[in-house]
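The following note concerns the interfaces of the model shown here. Please read the points alongside the sequence and coordinates.

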Amino acid sequence: MNRLLFEKTGRAAYMSHLDLMRTVPRAFMRAGVAIKHTEGFNPHAFVSVAMPLSVYQESICELLNFELLPGEISLEQLPEKLNSCLPEGIKVLKAYDARRPFKQIEALEAKITLTYDRGGAAEKTEALTELFGRSQLVINKKTKSGYKDTDVRPGIKSVSFAAAGENIVECLCTVSAKEPVLNPEAVVTVINTLAPEHAPDFYRIMRLSLRDAEGKIFE
Amino acid sequence: MEEKLERILRKVQKPARYTGGELNQIIKENCGVNVAFCFPDLYEIGMSNLGMRILYAVMNKMEDVSCQRVFAPWTDMEKEMRENDVPLYALETGKPVKEFDIIAFTLGYEMAYSQVLNMLDLAGVPLHAADRHGIENIVIAGGVCVYNGEPLADFVDVFSLGEGEEALPEFIDLYRKAKNEGWSKKRFLRAAADIEGFYVPSLYDISYNSDGTVAAITPLDGAPAVITKRIVRDMDKALYPTDMIVPSMEIVHDRVTLELFRGCIRGCRFCQAGYVYRPVRSKSVETLLEQARESLESSGYQEVSLSSLSSSDYRPLADLCDGLLEYCEPRKTSLSLPSLRADNFSVELMEKVQKVRKSGLTFAPEAGSQRLRDAINKNVREEDVLNACRVAFEGGWNQVKLYFMLGLPTETDEDVVAIAELAFKVLREWKMHASNKARGVRITVSTSFFVPKPHTPYQWEQQITMEEYERRCTLLKDSMRTKAIGYNWHDGKTSYLEAALARGDRRLGKVIEKAWELGARLDGWSETFDFDLWMRAFSECGVDPDFYATRERGEDEILPWDMVFVGVNKEHFKLERSLSRKDRLSPDCRAGCMHCGADCLNGGKCDE
C-alpha cells in the first residue's frame with residue numbers, strides 16, 4: 001500500500017470530500033500513472049482517505065492510500081508529477097510506502113482562527129479559556145441516531161486560546177480521531193451554544209497534524 | 001479569496017460553484033483587453049457547454065487578451081451577494097465584472113433572458129445599452145438565441161452571429177484599437193457593424209404596422225441591411241481546447257466532448273439547430289482521434305462522448321469508433337453517444353459504444369405516426385425504430401427512451417395516439433427478442449411542447465395553446481395501455497413563454513425587464529420559474545404573449561429577424577413548409593441537395 005501526504009487549502013477547501021475522491025484519481029490519470037482499480041462492472045480507482053475533511057476546513061496533513069501498479073514511476077517522483085495535475089490548493093507533499101494502518105490514528109490537532117469584528121480579542125481569550133476549563137460541555141450534536149445532547153469535553157484532549165491582535169483569537173486544539181470522533185468544529189459549536197455572547201463573526205479551521213496513541217505525528 | 005466572499009460562501013449550497021481555481025483555468029495578468037465571459041445559468045450547466053470552452057480558449061490564446069468566466073448564482077448566493085454588497089465577479093481572479101472591457105454572454109436558451117439582466121445588475125452595470133455611455137463594459141451576446149436577439153436589443157450592444165472562433169478575435173482587435181485611440185462608443189459600434197457577422201441593434205430602426213406586425217427594418221448610418229452569420233470553414237484547423245478546465249465539482253456533462261461535425265444533413269423541419277448550423281463541415285478521423293487522446297490525457301476523464309447534431313451521420317464513424325476504442329479500452333475509458341437515429345443504427349455501432357460500459361439507449365422519433373414524421377421530414381420509418389430496438393434488446397439492453405413532440409404543425413389526435421401505439425410496439429419487440437428478460441425492461445416516453453423557432457420552415461406557424469397541449473398530453477396518457485411504459489411530459493408554461501420570446505421583437509425588452517423587476521430568475525429551472533409573474537409582466541406592459549406564441553404569421557410579413565441571414569434562403573423555408581403541408585419528405589442533404597443556399601458561406605462546399 002502506498003500513501004500520499006497532501007494539503008487542501010485556499011479555494012480547494014470548498015471542494016467536498018466526494019469532489020476530492022473524483023479529483024485525485026483523475027490527477028493520477030492525467031499524470032499517466034496507473035494505480036489499482038476496483039474490479040467489476042464499473043471499475044474505479046482504489047483510493048481511500050484517512051479522515052474525510054469537512055467542506056470549508058483546510059488541512060496540511062491529509063493522507064490518502066492508493067496502490068501503484070508495477071512498473072510505474074518511483075514514489076519520489078510522484079509528488080511533482082501529481083502537483084502539475086491537481087487544482088489550485090491541493091498539493092502533494094510526500095508519497096511513500098504506508099507502514100502503519102489508519103486505525104492507529106488517535107487524535108487530530110487543529111488550529112481554529114476566530115474573528116471578532118468588534119474586537120476585544122483579549123477578553124474573549126480569557127472568557128473562552130474559562131469556558132473550556134469546565135468539566136462538562138454539553139451540546140446538541142449530530143450522531144448516527146439523530147441529534148443528541150452530548151458532552152464533548154472528553155473528546156477534546158487539549159485546547160488553548162491566544163489573542164492575535166485586536167480581532168483574532170487563535171485556538172489550538174487536539175480532538176479525538178477515534179470513536180467517538182470529534183470534529184474540531186465542535187469547539188465553535190460549544191462557544192455558540194454555551195457562550196453565545198462570545199460567538200465569533202467568522203472562523204477558519206485548519207488541520208495541522210494527525211497523532212498516534214503516543215501523541216507522535218502519524219503519517 | 002477575500003474574507004467577505006468566504007463569509008457568504010459558508011451560507012450557500014455547493015460553494016465550489018463560486019470559487020474557481022480548477023485545473024487548467026487560465027489567468028493572464030495585465031492584459032490590454034479583458035473579457036468577462038458570462039453564462040446566464042449555473043456553473044454546472046455553463047461548464048458543460050462546449051462553445052464556451054472553445055471561445056474561452058480562443059480569447060485567452062490571443063496576445064494581450066484575458067478572458068475569465070462568470071456564471072449565474074443560484075438564488076441563495078444571489079441573496080447573500082446582494083445583502084453583503086458583493087458584486088458579480090469572475091471566477092479566475094475574483095475581479096468584479098464591472099471592471100472588464102467586454103462583457104460577453106452566450107445565449108443558448110430563451111429562458112435565460114431574465115438572467116442576463118440579473119447578471120448585469122449584480123455586476124452593477126446599467127441594464128440599458130443606451131445608459132452605458134463609454135466604451136467600457138461593452139455588452140456582446142452570441143449563441144443560437146441571437147439569430148433573433150431582438151427581445152434583448154435594449155440591453156445588448158452587439159450580437160455576434162454564428163461561430164465565434166474567427167469572428168471574436170476580429171471584434172476584440174477592433175476593440176483594442178478603439179480603446180487605445182479613445183474612440184466614442186458610437187464610433188466603435190459603427191465600426192463593429194462593418195465586421196461580418198456582427199449585428200448592432202442600435203443601428204436599426206424598427207417601425208410597426210397598426211396590427212402590431214413589423215412595418216420596416218431600417219438600417220441607420222449606412223449599416224448593412226442584412227447581416228450574415230459567420231462560420232469556421234475548415235473544422236480541422238478550428239481551435240479545440242484539449243487542455244480544458246477540469247471542474248472540481250460534478251457538472252452535467254462531466255466528460256470529454258468530441259464534436260464530429262457542425263451542421264446536419266437531415267433537414268428536420270422543426271429543428272432550428274439543423275438549419276442555423278449549416279453548411280455541414282466535418283473533422284477528419286485523424287483530428288478527432290488526436291483531440292480525444294489529448295483531451296483524455298490532459299483532463300483525466302474516463303468518458304468521451306461523441307457530440308454532433310446527428311453523430312451517426314458521420315461518414316467514417318466506424319473508423320472513428322475503432323480508433324477510439326483502441327485507445328479507450330485498455331484505459332477503462334467509455335464511449336457514449338447522446339442520441340441515435342433509428343434508421344442507421346447498427347449492431348456494430350451498438351457493440352462499439354457498449355464495449356466498456358453499457359448505458360441506456362435514446363431514440364427520438366419525434367412523432368408517433370408515419371404521416372406526421374413525413375410532414376416534419378424526420379425521415380425515420382416505424383420499422384427503423386422497431387428494428388433498432390430489437391437489435392438493442394437482442395444485445396442485452398433493457399432501457400430505451402423515446403422522445404416525441406406534441407403540437408407539431410398538422411398534428412391530429414390520431415398522431416398523438418400513435419405515440420402510445422409505437423411505444424407499445426417497442427414493448428412487444430422486447431417481449432419477442434430480449435436476450436435476458438429476467439432484468440425487465442424500462443421504456444420511457446417523453447414529450448415536449450413544440451416551439452416554432454426563427455430560421456426554420458415552421459417560423460410562420462402558430463404554437464398550439466397550452467390548454468390544447470395539456471389536452472393532448474392527457475389523451476396520450478390515457479392511451480398508454482400498460483404500466484411497463486413510463487410517460488413524462490414537459491410543463492407547457494415554459495414552452496409557451498419560450499415560444500413568445502423566441503419569435504419576439506424589441507417590444508419584449510420592457511416585458512423581460514418588468515419580469516426581472518418582479519423577480520424572474522433562472523426561468524429554465526422549475527424551482528425558480530414563476531409563470532404568473534411573467535404573465536403579470538406582459539399585462540403590465542400591455543403586450544400580448546399570444547401575438548408572438550400562438551399567432552400564425554403571413555409568409556409576406558416582415559419577420560423581426562429578417563435582417564439576419566443564416567445562409568438558408570427564405571424561399572427554401574417556404575418550399576419546405578409547403579412540402580410539410582402535403583406530408584411530403586425532402587431527401588437528406590446527402591441523398592439530394594435541396595439548394596437551401598448555405599453552401600454559399602463555405603465557397604460552395606457542403607458535407608464534403
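How many residues does the contact take from chain A and from chain B?

1. The contact, meaning heavy atoms within 4.5 Å, takes 26 residues from chain A and 34 residues from chain B. This is a predicted model in which local features need pLDDT of at least 70 and side-chain atom pairs count only at pLDDT 80 or more, while totals for chains, interfaces and linings use all residues. Residues are numbered from 1 along each chain as written, chains are lettered from A in the order written, and side-chain values use heavy atoms, without hydrogens and water.

2. Chain A and chain B bury about 2600 Å² between them, 49% of it from carbon and sulfur atoms; buried area is the accessible area (1.4 Å probe) that two parts lose on being put together, summed over both. On the side of chain A, the residues losing the most area to chain B are A:R11, A:Y14 and A:R26, together 29% of what that side buries.

3. Between chain A and chain B there are 5 salt bridges (a side-chain nitrogen of Lys or Arg within 4 Å of a carboxyl oxygen of Asp or Glu). A:R26 forms a salt bridge with B:D254, at 3.5 Å from N to O.

4. Within chain A, the domain assignment, automatic or from a database, gives domain 1 (2–99) and domain 2 (104–211). Their C-alpha centres lie 29 Å apart, and each domain gives 13 residues to the contact.

5. The two domains of chain A bury about 1100 Å² between them, with 59% from carbon and sulfur atoms. The count between these domains is 1 salt bridge. A:E62 and A:R207 meet in a salt bridge at 2.9 Å, N to O.
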